[in-house]
Amino acid sequence: MTWTWFHRLGSPPYVYALAARLTPWFAWPAAVLILAGLWGGLMLAPPDYQQGEGFRIIYVHAPSAWMSLMVYTTMAVAAAVGLIWRIKVAHAVAASCAPIGASFTFAALVTGALWGEPMWGTYWEWDPRLTSELILLFLYLGYMGLRAGIEDPQRADRAGAVLAIVGVVNVPIIHYSVTWWNSLHQAPSVMSLAKPKMPLSMLTPLLLMLLGFTLFFVAVLLVRLRGEVLSRERTASWMREAVAR
Amino acid sequence: MSDFLAMGGYAAFVWPAYAVTFAVVVLNIVWARRTLARSLAEARRRLSVSGERS
Amino acid sequence: MVPGFAATATTGAAASALEAARLALLRDLRLAFRKRGQLVQPLAFFVLVTMLFPLAVSPELSRLRELAPGVLWVAALLASQLALEFLFRDDAYDGTLEQYALSGQPLTGLMFAKTTAHWLLTGLPLALVAPLAGLSLGVPAAAIPGIIISVAVGSVALSLIGSIGAALTLGMKRSGALLALLTLPLSLPVLIFGARATQLAINGASLLAPLELLGALAVLGVTLAPLAAAAAVRISLE
């Protein structure tokens with residue numbers, strides 16, 4: 001019974017139709033949650049004891065950073081599934097993730113810099129967190145560049161999958177190694193972005209934003225997925241009906 | 001209202017941060033939809049070409 | 001072709017896999033020595049890059065000594081990047097790589113052999129040249145053994161990591177920038193620990209800690225990279 005569901009997800013026409021149907025179910029709740037989060041974060045949450053109103057950047061920075069990591073993980077898992085079980089749809093998911101993840105990594109870096117300047121006195125710091133986020137951006141760009149450079153779509157899928165998987169190995173290494181680097185060099189202390197005991201009025205909007213952005217990711221993914229699925233089919237008959245609409 | 005916009009003096013950082021994030025959100029929507037439209041057009045083109053041949 | 005390849009297939013799997021790898025390694029070394037000029041290029045590039053800093057920044061040895069670990073390792077990273085082109089290019093062109101993939105021998109082992117050859121031809125010479133560049137940057141002579149060993153170990157990881165990128169971009173024209181984009185992010189831990197090791201060597205302190213980490217990266221690379229490179233080669237040859 002459960003396997004039928006799984007098998008259907010490997011079928012391009014099924015996924016294409018499903019993606020179209022599901023998109024509004026993620027897009028509208030995402031919009032509501034994000035607006036609610038914005039309202040809570042900008043209006044209702046009290047100013048921070050140390051950072052004043054400036055801390056409100058967290059409501060765009062934390063979701064962006066979360067997205068950058070979550071999307072990469074999704075991309076790598078989908079790529080692995082596609083590579084191991086040779087499922088085209090999985091490759092399509094991975095390909096759809098990359099531009100989304102890259103753009104939010106960029107947002108995370110910029111919003112982080114804008115937060116850093118008033119709080120740390122500098123837009124940029126070569127500390128572990130920022131450096132590894134920048135590297136993540138390069139991993140995304142490398143993945144997209146590799147895919148773009150290979151003409152054969154199947155080869156592009158599989159080569160990209162190898163890269164995405166190898167890149168995942170890199171992420172904990174980077175985190176780990178720069179921690180050691182930090183302790184060896186005794187770099188300046190990094191400000192903790194996650195307050196252990198955030199009051200509910202501050203925490204709730206943050207959670208709303210995180211959830212809202214996650215749903216937004218799924219909605220955008222579904223839109224991109226349809227295009228990716230189409231581009232992997234040659235002249236399959238199901239397409240005629242699907243694209244005529 | 002002006003207090004809100006001033007963001008306790010951090011306006012020059014807070015609002016650009018929100019603007020950039022908003023821009024990325026909009027970019028994602030627009031970009032995804034454009035890519036889908038392009039894929040649809042490409043698929044229609046491919047189907048019409050192969051249709052003519054058959 | 002590589003003589004003896006077919007014969008080894010009948011003499012027992014593990015023994016033949018090892019034999020095949022050994023033959024591939026020797027082949028690469030022999031072919032490289034026929035084009036000795038090519039071997040010098042990454043080394044010359046390395047020296048040139050390190051030369052840029054005294055000229056661009058400051059000729060004062062005290063200042064250069066501060067920069068030396070970073071300069072040496074950035075130059076080593078870039079030189080190693082350059083040398084990656086030689087890893088698969090010729091074999092891809094003349095069909096040897098396809099023969100390897102079809103030979104029935106484990107492609108992973110052959111990838112490991114090729115990468116070992118690559119390290120012997122580029123990483124190891126780099127390790128021997130690096131102290132000379134270091135001396136020109138005001139590094140004390142006592143630091144030389146530390147530099148040699150850290151670059152030697154670090155370049156193992158660099159060759160291995162690079163082999164993945166080279167395998168993925170096989171057959172692409174003008175893939176240099178993309179190859180760098182793929183390989184450099186993965187090589188950053190090597191850069192960080194290598195520079196740290198060199199700094200400690202210059203200070204006269206024990207560089208055991210970063211050296212162990214470089215070794216760990218090399219071991220990680222040995223276990224994972226040939227596998228990924230083999231997968232990438234198979235994909236590229238499809």
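These legends go with a few close-up views of a predicted model.

Residues are numbered from 1 along each chain as its sequence is written, while chains are lettered from A and ligands numbered from 1 in the order in which they are written. In this predicted model, local features need pLDDT of at least 70 and side-chain atom pairs count only at pLDDT 80 or more, but totals for chains, interfaces and linings use all residues.

**View 1. Where chain C meets chain A.** Here 23 residues of chain C are in contact with 23 residues of chain A (contact: C-beta atoms, placed from the backbone, within 7 Å).

View 2. Chain B has two helices and zero strands (DSSP runs: helices are H or I, at least four residues; strands are E, at least two). Its C-alpha atoms fill a box of roughly 70 × 15 × 10 Å along the principal axes.

**View 3. The largest nonpolar core.** This core has 161 residues; a core is a set of buried Ala, Val, Leu, Ile, Met, Phe, Trp, Tyr and Cys residues joined through C-beta atoms within 7 Å, and buried means 20 or more other C-beta atoms within 10 Å of a residue's own. Helix α4 (residues 88-120) of chain A brings the largest share, 19 residues.

**View 4. Around C:A76.** C:A76 is among the residues with the most contacts inside the core. Skipping neighbours within four places in sequence, C:A76 is in contact with C:F46, C:L126, C:A130, C:V151 and C:S155.

Methods:
Two residues are in contact if their C-beta atoms, placed from the backbone, lie within 7 Å. A residue is buried if 20 or more other C-beta atoms lie within 10 Å of its own, exposed if 12 or fewer, and partly exposed in between; C-beta atoms are placed from the backbone.
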